[in-house]
Amino acid sequence: MDRIVIEDLFLRCIVGVNPEERDKEQDVNLRIVLHADLRQAGRTDELADTIDYKGVKVAVRKMVEGSSFLLIERLANEVARICLGDPRVERADVRLEKPGALRFARTVAVEISRTRADF
């Protein structure tokens, strides 16, 4: 399976369960892997034959920046749902980091893998 990778998509949103996390935006860092058959695009050199990764990024950014979930697991799940909105995407892997979530740790992250069947 072919993959398109969006690496280090830095966004800000409300996320967390503690009161101090609910009133100001925090940084999150996303790594998104879109699994799809890219052979046709490799032959035709046409955007219509591949995944519009800019469109995916715009949709993910809009959702994340407008969200206020308690858990990074839920936020990652919703990112995967958006990615699977393109029928050519067969699987979406999402790694969502929340830098500074734990004292003495650079980051905390969740990694999920979803297919359309999961939704």
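This is a predicted model: local features need pLDDT of at least 70, side-chain atom pairs count only at pLDDT 80 or more; totals for chains, interfaces and linings use all residues.
Arg-95, Glu-97, Arg-106 and Glu-111 are joined in a network of salt bridges. In total, the structure holds 12 salt bridges. Its 5 strands make up an open sheet of mixed pairing, in the order S3-S1-S2-S4-S5.

**Salt bridges**

- Glu-21 and Lys-98 meet through their side chains in a salt bridge, with an N to O distance of 2.6 Å. This pair links distant parts of the chain, since Glu-21 lies in the loop between S1 and S2 while Lys-98 belongs to strand S4, 77 residues apart. Glu-21 and Lys-98 are both buried.
- A salt bridge also connects Asp-37 with Arg-39, whose closest N and O atoms are 2.7 Å apart. Asp-37 is partly exposed, at a relative accessible area of 36%, whereas Arg-39 counts as exposed at 54% relative accessibility.
- The side chains of Asp-86 and Arg-88 form a further salt bridge, at 3.0 Å from N to O. Asp-86 has 15% relative accessibility and therefore counts as buried; Arg-88, at 37% relative accessibility, counts as partly exposed.

- S1 and S3 run parallel and are joined by 2 bridges. Within the sheet, Val-15 stands opposite Phe-69 in S3.
- S2 pairs with S4 in the antiparallel sense over 7 bridges. Leu-34 has Ala-92 of S4 opposite it.
- S4 also pairs with S5, again in the antiparallel sense, over 9 bridges. Here Asp-93 is found opposite Ser-113 in S5.

**Helix H3**

- Helix H3 comprises the 12 residues 72-83. At 1.5 Å a residue, the helix should span 16 Å, and the 17 Å between its end C-alpha atoms agrees with that expectation.
- The buried residues of H3 are Ile-72, Leu-75, Ala-76, Asn-77, Glu-78, Val-79, Ala-80 and Cys-83.
- The cover over these buried residues includes helix H2 (53-65). Strands S1 (2-15), S2 (26-36), S3 (68-69), S4 (91-99) and S5 (107-115) are also included in that cover.

**Val-110**

- Val-110 is located in strand S5. Its relative accessibility is 11%, and the residue therefore counts as buried, the cut-off being under 20%.
- Apart from neighbours within four places in sequence, Val-110 is in contact with Ile-72, Glu-73, Ala-76, Val-94, Arg-95 and Leu-96.
- Val-110 and Ala-76 are 34 residues apart in sequence, yet their C-alpha atoms are 7.5 Å apart in space.

**Nonpolar surface patch**

- Val-17, Leu-70 and Leu-71 form a nonpolar patch on the surface. Together, these residues have about 280 Å² of accessible area.
- Val-17 lies in the loop between S1 and S2, the loop that also holds Glu-21. With a relative accessible area of 52%, Val-17 is exposed, because the cut-off for that class is over 50%.

Note on methods:
Residues are numbered from 1 along each chain as its sequence is written. Side-chain values use heavy atoms; hydrogens and water are left out. Helices (H or I, at least four residues) and strands (E, at least two) are DSSP runs, numbered from the N terminus. The expected span of a helix is 1.5 Å times one less than its number of residues. Buried means under 20% relative accessible area, exposed over 50%, partly exposed in between (1.4 Å probe, protein chains only). Contact means heavy atoms within 4.5 Å. Patches are made of residues with over 30% relative accessible area and no salt bridge: like charges are joined within 9 Å, nonpolar side chains (Val, Leu, Ile, Met, Phe, Trp, Tyr) within 5 Å. Accessible areas come from the Shrake-Rupley method with a 1.4 Å probe; for residues, only the protein chains shown count as cover. A salt bridge is a side-chain nitrogen of Lys or Arg within 4 Å of a carboxyl oxygen of Asp or Glu. Two strands pair if DSSP finds at least two bridges between them.
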